[in-house]
Amino acid sequence: MADNSGGNPFLVSPSTGHRATRSSSFSFSSSASGAVADEAGTHHRASGAGDGKAAGAEADAGAAFVLESKGTWWLGLGVLTALGAISFYTYYIMSRVLDHCEAAGRRHIRFRDLAADIFGSGWAFYLVVAVQTAINTGTTIGSILLAANCVEILYSSLRTDGPLKLYHFILLIAVVLALLSQMPSFHSLRYINLGSLLLSLGYTILLSAACIRAGLSSNAPTKDYSLSTSKSEKTFDAFLSVAILAAAYGNGILPEIQATLAPPAAGKMAKALVICYSVASFTFYLPAITGYWAFGKTVRSNAMQSLMPETGPSLAPTWLLGLAVVLVLLQLLAIALLYAQVAYEVMEKMLADPTQGRFSQRNLMPRLALRTIYVAFCAFVAAALPFFGAIVGVIGSVGFIPLDFVIPVVMYNMAVSPPRRSLVYITNFVIMVVFTGVGVIGAIASVRKLVLNAGRFKLFSDHAFN
């Protein structure tokens, strides 16, 4: 399985408007899970109301009966767990759909081919193509931006007033990525992907240990687990958090990943999913718990930056911070390579000549040019929109939610055709309805957050938006 790194790299903390990750998914998953816990009611008590009743001289039945503040710390982790279980289920049934088609003599190696088989060549097919393209390109852009931000952190720690700016580091990352992008196929990335797995585990352990140390130190920051006092703010943030976590579990390229398995692929993907989610659970929960415990709702999207406050001493040893930043930097390069493969496959299909060798001059030169142009385009967008990470809530709502939660259950009910009164059909129908609604409301909440933060955005800014 090609993507066992534990998640998509971009989350945004609704309480802070900061970029965060699937993790490299875990560096930022502490912010996302913390955000959900925060919006859901973590450790919050209404001002002056120890028992959950409203404060004030006059009784307020609305506050006492409807808005009672009895949220618990585990609610955010409960949402994280629920979305993980549902995404595992939807990926599993999508693999069953692929197995079903393969058994009927139609083996699909692309998401768009599977969509064409089940939906036909109408609007649903083009919707899948458009959404998948947006996800893959957006993830590549975000990975470049975050990787450049990691290099900037290292540089700033060595030269406080150095002349280099964020776009210099984006250019550096783009050059490295353009060179690595010449690896011809998904399969050729297998050793990079194994390294990505090890990087994920190593970074998770380092980050979590650093957060625990910071939380116990004499310089520990004040922990704030409170909620916004605005009811509308809490409602929008709750839906935005769900959209963000959906993006954290998002994949968008499962058919292409399953295509790397030697046929027959039936049953193999289920085993790969179990391994993937075992790793993801470790890389999500440990930093989510320790990061939110140490910093509360003020945890930065890139949790490393919470360990290096702008004022005061660092909250972790310099060697640990440096090593952790290097690990996440390498992990982000691996993620960018992985999600760019779908675009590269489209390029090869359109322009390469399959009758000639993979490394023939006829095929090598177009590959070199087109992949370099694609990386340059993604790097340009990252440099022009250094607040791109703030858009991830929108990507999660209109991209990952339909592609990874809605479309798989619709495909299963259409292709496998379980009885309408069966548990699997009803379960799939409920997931489709619920996540369609979550996607719509999450998109509205995401756009609202962008509008509220618009004043902080600046084209070609010297620093990534955090």
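**Entry 1: G142**

I began with G142, which sits in helix α5. The model I am reading is a predicted one. Is G142 buried or exposed? I looked up its relative accessible area and found 3%, so I noted G142 as buried, the cut-off being under 20%. Next I checked G142 against F387. The two are 245 residues apart in sequence, yet from C-alpha to C-alpha I get 9.4 Å in space.

**Entry 2: α4 against α5**

I stayed with α5, which covers residues 123-158, and turned to helix α4, residues 111-119. At what angle do α4 and α5 pack? I read about 160°, and their axes are 8 Å apart. Angles over 145 degrees count as roughly antiparallel, so that is how I describe α4 and α5. I also wrote down that the crossing of this pair is right-handed.

Then I went through the residues that meet. From α4 I listed F111, R112, A115, A116 and F119; facing them in α5 are A124, F125, V128, V129 and Q132. Sorted by type, the residues of this α4 and α5 contact come out as eight nonpolar, one polar and one charged.

**Entry 3: α5 against α6**

My next stop was helix α6, residues 166-180. How far apart are the axes of α5 and α6? I noted 8 Å, with a packing angle of about 120°. The crossing of α5 and α6 is right-handed.

On the α5 side I found I144, L145, A147, A148, N149, V151, E152 and Y155. The α6 side brings L166, F169, I170, L172, I173 and L177. I sorted the residues of the α5 and α6 contact too: 12 are nonpolar, one is polar and one is charged.

I then opened the largest nonpolar core, which has 105 residues. I170 turns up again here, among those with the most contacts inside the core, along with I173, F295, M304, L307 and M411. Which helix gives the largest share of this core? I found helix α12, residues 318-351, with 19 residues.

Note on methods. Residues are numbered from 1 along each chain as its sequence is written. This is a predicted model: local features need pLDDT of at least 70, side-chain atom pairs count only at pLDDT 80 or more; totals for chains, interfaces and linings use all residues. Side-chain values use heavy atoms; hydrogens and water are left out. Axes are lines fitted to C-alpha atoms, for helices over the stretch in contact, and angles run from 0 to 180 degrees between N-to-C directions. Helices (H or I, at least four residues) and strands (E, at least two) are DSSP runs, numbered from the N terminus. Angles under 35 degrees count as roughly parallel, over 145 as roughly antiparallel, 65 to 115 as roughly perpendicular and the rest as oblique. A crossing is left-handed if the near helix is turned anticlockwise from the far one by less than a right angle, and right-handed if clockwise. Contact means heavy atoms within 4.5 Å. Ala, Val, Leu, Ile, Met, Phe, Trp, Tyr, Cys and Pro count as nonpolar, Asp, Glu, Lys and Arg as charged, and the others, Gly among them, as polar. A nonpolar core is a set of buried Ala, Val, Leu, Ile, Met, Phe, Trp, Tyr and Cys residues joined through side-chain atoms within 4.5 Å. Buried means under 20% relative accessible area, exposed over 50%, partly exposed in between (1.4 Å probe, protein chains only).
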